[in-house]
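Student: I'm new to this one. Could you pick a single part and take me through it slowly?

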Amino acid sequence: MRILLVGEYSNLHNSLKAGLQHLGHEVTLMSTGDAFKNYPSDVKLKAKYVTGYSLLNFYRKALFRLTQLDIATLEIGYRCLDFLVDQKPYDVIQLINEYPIKTPYFIERNIIKRLRSLTKRFVILACGDDYISLSYINKLPHHPILQNPDIEFPYSERYISNDHKKYHDFVFLQKDLIISSDLDYHPAYLNVPDYYGLIPNPIQLEKFEDSLPATTDKRVIFHGINEVNYYKKGNDHFEQALLKIKEKFPDRVKIISASNLPYSEYLKSYNEAHILLDQTYAQDQGYNALEAMAQGKVVFTGAGSLFTKHYNLPLNSVAIHTIPDADKIAADLENLICNPELIREIGKNARKFIEDNHDCKKIAQQYINAWLSLDIST
């Protein structure tokens, strides 16, 4: 099959691409690289002209402060349409999210129209913020927007604005199939037309070995921060918990914090860690958590009752279920610090869990099965 994957937020599409290529398919990935994360893409959509000239970039930033319009997105949209204009049809086109390139809506609509014209299988992932999952928010008591009514989440809240609702309605009229990437999205989509179901995130196992460092006198704890999503991921609760741990175990822990790193540097930054702090508001693991679990690290992330029931696992057996409670986080960290054998046990379980449920080759076949479920005879 000839496949175009559009957008990248987490390395999901890169890992799926690897699995699909292993199965013999021709795959092209087109994305912006997702800002500072700079994920690899076959077609990298960058605003080279706008950002490459200092004076123009100065006016760009000034205009954004006044109007919230980033003219760099206009150039990105143009480059996307320029790439698509002479493309031959694809057997499958899949979007990482309903709003994959994040250009102004009038441009994104034209991108969607062109993509739709190039395939009979037009697929959208429920992955990241979108209209349906955020409209379902009152049934998700763990969500940061509900737990932090005094904090603004402008990036997320735009997805339930009237302008985005109009765009959402448009793009959902174009789609043939929806697939969710984890259990944080699955419940919201259960009654949505054309919803196929959940396919777990793919992980490239060959990139990650069970590399948990030897247990020494110090337990190494890594806390990675994306400043844009600081409160959304619960980084404030992690930082409060780490202060308690540092005070109680000054000679028994080493704490590494890193902010806004490109993806390749982020992977290197937690190499020596035994424990990784991921997020506090989830029901399932995000991508950073899964890749750390593949390396045999103990991850603090979403792994609660919905997750353990779905995978038939004991609580905290493959990851530490984490809620926005600094005292609870600190207590769970203390348990690991005082019982280092638990670190190796949970790490081994984590690696096995990824092998069984997230191997990109197995997941790629699940995607193929989903795409082939579409009747394209008409």
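β5 is mostly covered, with five of its five residues buried (buried means under 20% relative accessible area, exposed over 50%, partly exposed in between, using a 1.4 Å probe and protein chains only). Before going on, a word on the source: this is a predicted model, where local features need pLDDT of at least 70 and side-chain atom pairs count only at pLDDT 80 or more, while totals for chains, interfaces and linings use all residues. Residues are numbered from 1 along each chain as its sequence is written, and side-chain values use heavy atoms, leaving out hydrogens and water.

Now, the strand itself. β5 covers residues 122-126; strands here are DSSP runs of E with at least two residues, helices are runs of H or I with at least four, and both are numbered from the N terminus. In a regular strand the side chains alternate between the two faces of the sheet. Here F122, I124 and A126 sit on one side, V123 and L125 on the other, and all of them are buried.

Who are the neighbours? β5 belongs to an open sheet of seven strands, in the order β3-β2-β1-β4-β5-β6-β7, with parallel pairing. Out at the edges stand β3 (43-44) and β7 (195-198), each with a single partner strand, so one side of each has no neighbour in the sheet. Two strands count as paired if DSSP finds at least two bridges between them.

On one flank, β4 runs parallel to β5 and three bridges join them. In that pairing, L95 stands opposite I124 of β5. To get from β4 to β5, the chain passes through helix α5 (residues 105-117), and this β-α-β crossover is right-handed. That label means that, with the strands pointing away from the viewer, the path from the first strand over the helix to the second runs clockwise.

On the other flank comes β6 (residues 177-180), which pairs with β5 in the parallel sense over four bridges.

Finally, look for helix α1. α1 lies across β5 as well as β1 (2-6), β2 (26-31) and β4 (92-95), and runs at about 170° to β2. That angle is taken between N-to-C directions on a scale from 0 to 180 degrees, with axes as lines fitted to C-alpha atoms, for helices over the stretch in contact; contact means heavy atoms within 4.5 Å.
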